[in-house]
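Morning, everyone. Please look at the next slide, and keep the sequence and the structure in view while I talk.

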Amino acid sequence: MVTDTGATGGPGRVRPLNRPRPLRVEADGDGGPTAVWLAGRRCAVEAVPERWRIDDEWWRQRPVSRVYYRLVLADGRVVTVYRDLVSGRWAKQTY
Amino acid sequence: MPIACVYVPRFAVEVERQRRSDIAARLVLIGEVTVLDCSLGAETSGVRPGMRMSEAIGLCHQVVVLPPDVPHYERRFEEALDVLDGLSPVVEAACLGAAYLSLDGLSVEPVPFAEEAISALRRRTGLMAAVGIAGGKFAAWTVARAARPGLAKALPPGEEAAFLAPLPVDLLPASDSMRWRLRLLGLETMGDIARLPLGAFQQQFGPEGKRCWELAGGIDDEPLTPRVREETVVRRLQMPAPTVALEAILMGVERLVYAAYGDSGRRGRWVRKAVVRATLDAGGGSWELPVPFREALADPRDAWFAVKCAIARRPPQRPVEELEVELVGLSAESGKQSAMFEGKGRLRGQVEEAVRQLRAHGGQASIGKVVEVEPWSRIPERRAALVEFDP
């Protein structure tokens, strides 16, 4: 007699990698980022070397529409963030 | 340690001009989506390697656009390196058209040595090079770039920093973001960088900044990486007529594989890889197909089977004039390698044991395996996923 473990069968979980992480961002009047908050500290944006937009999965209920910014921060770090044009939220994500 | 940089400007264009007399006096662009190389005239019109081809065509009047034939350029560059090998015991191939030679231990004066290199290259390959000699690779390269083809220039020892000072920072091997920030800070020349304290500069730009600061100040102790000359066996076959028939091409390659295996140069050694090349008809350039074997092969029948399968998957798309088979990775093996299955099985056993130990240590530790899901996706989180690993 085999005891029921209660566990769900199947191939196991699949977790997407490189998921966006919510980020607090200060933006100027045009919507461009001027400062980001990383680990509780405010970092001013020194430069925006690149900006690009992706629009995808428009046929789905939740389409993907984002504007990505590659930012050079005042301390020299380079981070990539995006603004979700559907929800208006900001997130950090390696592209 | 004096180093000579032998530099053939616009190497790909020069090589194309040698085999096509009709483009001798024309503006030339080589590339597909982006420009790989361009002639001096095109460069004067504002074209730069790496530029989008559509943009480059717009800048030039009546330009000839050629598809890149990289295997051919590489072969011609190898010929040039063979010539330079006769001049110095240490030759490093920097990139297509540029090589470094060590003058260490050679009882020659720098400028006559450089003139000999230019003359030998001109005589044996028809290519016109410029040579720069300095105490480090970077300085030698900048000197060679500044010299006109056919001329040699040597920097006196210790003069590197003074020579580099007025040159633009764009010559430094810096990333795009670093170049952008340098411009933002108003640092236009290498002298501007060299005058700054290293600590402050490194704090701004990290290890890349340190390297650039040193190069800008003429400090460059990067050693030469000697070119490794691999022993190979090459066999060629001229097709009776240009052909696109796969059967005819396969027949020719089969003959070449068997002939190469029978070559005395192989001396019974086993082979790890074959490279099949073809010269295509009517200026169609070259076609190249590397076929690495899963294990070293001693039997031409096994090698031919692997090569045949590879060609069937990716045959040449234009009529073939000449075929070539090169056997590379000649190993000293005399017995059969262990089967791949055993090796994988051992590794898998080790992974399973590691997972068991982790679970014993941390309870239901989650062990994952990264798999590609949609690597082409524009949405970063769709590209790869972590799946539970359950051995």
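In which sense do β2(B) and strand β4 of chain B pair, and over how many bridges? The sense is parallel, and there are four bridges between β2(B) and β4(B), residues 63-66. Some ground rules. This is a predicted model, where local features need pLDDT of at least 70 and side-chain atom pairs count only at pLDDT 80 or more, while totals for chains, interfaces and linings use all residues. Residues are numbered from 1 along each chain as its sequence is written, and chains are lettered from A and ligands numbered from 1 in the order in which they are written.

Terms next. Helices (H or I, at least four residues) and strands (E, at least two) are DSSP runs, numbered from the N terminus. Two strands pair if DSSP finds at least two bridges between them.

Back to β2(B), residues 27-31. Leu27(B) stands opposite Val63(B) in β4(B). β2(B) also runs antiparallel to β3(B), residues 35-38, with three bridges. There, Ile30(B) has Asp37(B) as its bridge partner. Three residues lie between β2(B) and β3(B), and the two strands form a hairpin.

Is β2(B) mostly covered or open? Mostly covered: five of its five residues are buried. Buried means that 20 or more other C-beta atoms, placed from the backbone, lie within 10 Å of the residue's own. In a regular strand, side chains alternate between the two faces of the sheet. In β2(B), Leu27(B), Leu29(B) and Gly31(B) are buried on one side, and Val28(B) and Ile30(B) on the other.

Last, the two chains. 20 residues of chain A are in contact (C-beta atoms, placed from the backbone, within 7 Å) with 19 residues of chain B. β5(A) gives the most to the side of chain A that touches chain B: four residues.

Conventions: Buried ≥ 20, exposed ≤ 12 C-beta atoms within 10 Å, placed from the backbone. Contact = placed C-beta atoms within 7 Å.
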